[in-house]
Amino acid sequence: MYGHMETPGHWVRQLSLFRQIQTETGGFTEFVPLGFVHQNTLLFQQGLARSGPTLAEHLKIHALARILLAGSIHNIQVSWVKLNKKLSQLCLHAGANDYGGTLMEENISREAGATAGQYTSPEDFQALIMEIGRIPAERNTRYSRMQIKLPVESIASENVSYNALPEFA
């Protein structure tokens with residue numbers, strides 16, 4: 001979690017630790033930076049945390065994760081529930097390669113004060129991914145591609161990269 005009281009130095013140390021753990025265990029399939037949602041938290045209400053990350057910090061942590069975890073943890077996922085759909089698209093440009101997935105009855109972020117929603121249909125995810133010039137693909141938990149969600153010929157071939165497909169990234 002970022003955006004509460006840490007510094008960028010903390011980010012670097014934490015990501016370096018994740019990289020070391022991955023080298024030893026190989027157990028991570030993805031890294032999901034989680035921005036602090038402050039509105040309804042006791043930490044914020046007691047003045048022990050700030051009011052969450054800035055736009056620049058959201059982009060920086062996704063970019064930093066892509067750089068520091070390169071060759072180790074291949075997938076950087078955005079938490080659209082915490083960020084909202086448009087900010088998630090920006091984070092995909094900053095370094096993330098996975099929009100995440102459909103959640104049912106998400107409560108943790110919502111109870112903390114997030115307003116990005118609890119449900120996005122697969123069709124809406126596909127549209128959001130295509131809006132930024134990427135090709136949506138369905139994957140499984142281990143990040144094996146299951147299927148590309150659109151006929152390739154329906155997408156212009158210029159400046160298109162695959163989303164959630166590390167082998168194509």
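Student: Is glutamate 57 buried or exposed?
Tutor: Glutamate 57 counts as buried, at 16% relative accessibility. Buried means under 20% relative accessible area, exposed means over 50%, and partly exposed lies in between (1.4 Å probe, protein chains only). A word on the ground rules: this is a predicted model, where local features need pLDDT of at least 70 and side-chain atom pairs count only at pLDDT 80 or more, while totals for chains, interfaces and linings use all residues. Residues are numbered from 1 along each chain as its sequence is written, and side-chain values use heavy atoms, with hydrogens and water left out.

Student: Which residue forms a salt bridge with glutamate 57?
Tutor: Arginine 50 does, with the closest N and O atoms 2.9 Å apart. A salt bridge here is a side-chain nitrogen of Lys or Arg within 4 Å of a carboxyl oxygen of Asp or Glu. Arginine 50 is partly exposed, with a relative accessible area of 28%.

Student: How many salt bridges does the count come to?
Tutor: The count is 4 salt bridges.

Student: What does lysine 86 form a salt bridge with?
Tutor: Glutamate 131, with 2.8 Å between the closest N and O atoms. That pair links distant parts of the chain, 45 residues apart: lysine 86 is in helix α5 (residues 85-94) and glutamate 131 is in helix α7 (residues 122-131). Helices (H or I, at least four residues) and strands (E, at least two) are DSSP runs, numbered from the N terminus.

Student: And which side chain meets arginine 139 in a salt bridge?
Tutor: Aspartate 98, at 2.7 Å from N to O. Arginine 139 sits in strand β2 (residues 137-139) and aspartate 98 in the loop between α5 and α6 (108-112), so the pair ties together parts 41 residues apart in sequence. Arginine 139 is partly exposed at 22% relative accessibility. Aspartate 98 is buried at 1%.

Student: Which residues do salt bridges that share partners join into one network?
Tutor: Glu6, Arg50 and Glu57.

Student: New topic. At roughly what angle do the axes of α1 and α3 cross?
Tutor: Roughly 35 degrees, and the axes come within 10 Å. Here α1 is residues 8-25 and α3 is residues 55-68. Axes are lines fitted to C-alpha atoms, for helices over the stretch in contact, and angles run from 0 to 180 degrees between N-to-C directions.

Student: Which residues in α1 meet α3?
Tutor: Trp11, Val12, Leu15 and Arg19. On the α3 side they meet Glu57, Lys60, Ile61, Leu64, Ala65 and Leu68. Contact means heavy atoms within 4.5 Å. By class, the contact of α1 with α3 has 7 nonpolar, no polar and 3 charged residues. Ala, Val, Leu, Ile, Met, Phe, Trp, Tyr, Cys and Pro count as nonpolar, Asp, Glu, Lys and Arg as charged, and the others, Gly among them, as polar.

Student: Where is histidine 62?
Tutor: In helix α3. Histidine 62 counts as buried, at 0% relative accessibility. The side chain of histidine 62 reaches the backbone oxygen of histidine 58 at 2.7 Å. Leaving aside neighbours within four places in sequence, histidine 62 contacts residues including Tyr2, Pro33, Ile76, Leu83 and Cys91.

Student: What does phenylalanine 28 touch?
Tutor: Phe18, Ile21, Gln22 and Ile73, not counting residues up to four places away in sequence. Phenylalanine 28 lies in the loop between α1 and α2 (42-45). It is partly exposed, with a relative accessible area of 33%.

Student: Backbone check: what is phi of asparagine 84?
Tutor: About 95 degrees, positive although asparagine 84 is not a glycine. Asparagine 84 is in the loop between α4 (80-83) and α5.

Student: And what is phi of tyrosine 143 near?
Tutor: It is near 65 degrees, positive in a residue other than glycine. Tyrosine 143 lies in the loop between β2 and β3 (145-148). Tyrosine 143 is buried, with a relative accessible area of 4%.

Student: Last one: how many helices and strands does the chain have?
Tutor: The chain has 7 helices and 4 strands. Along the sequence the pattern is α-α-α-α-α-α-α-β-β-β-β. Buried residues make up 39% of the 169 residues in the chain.

Technical notes
Polar contact = N/O pair within 3.5 Å; in protein donor to acceptor, adjacent residues only side chain to side chain.
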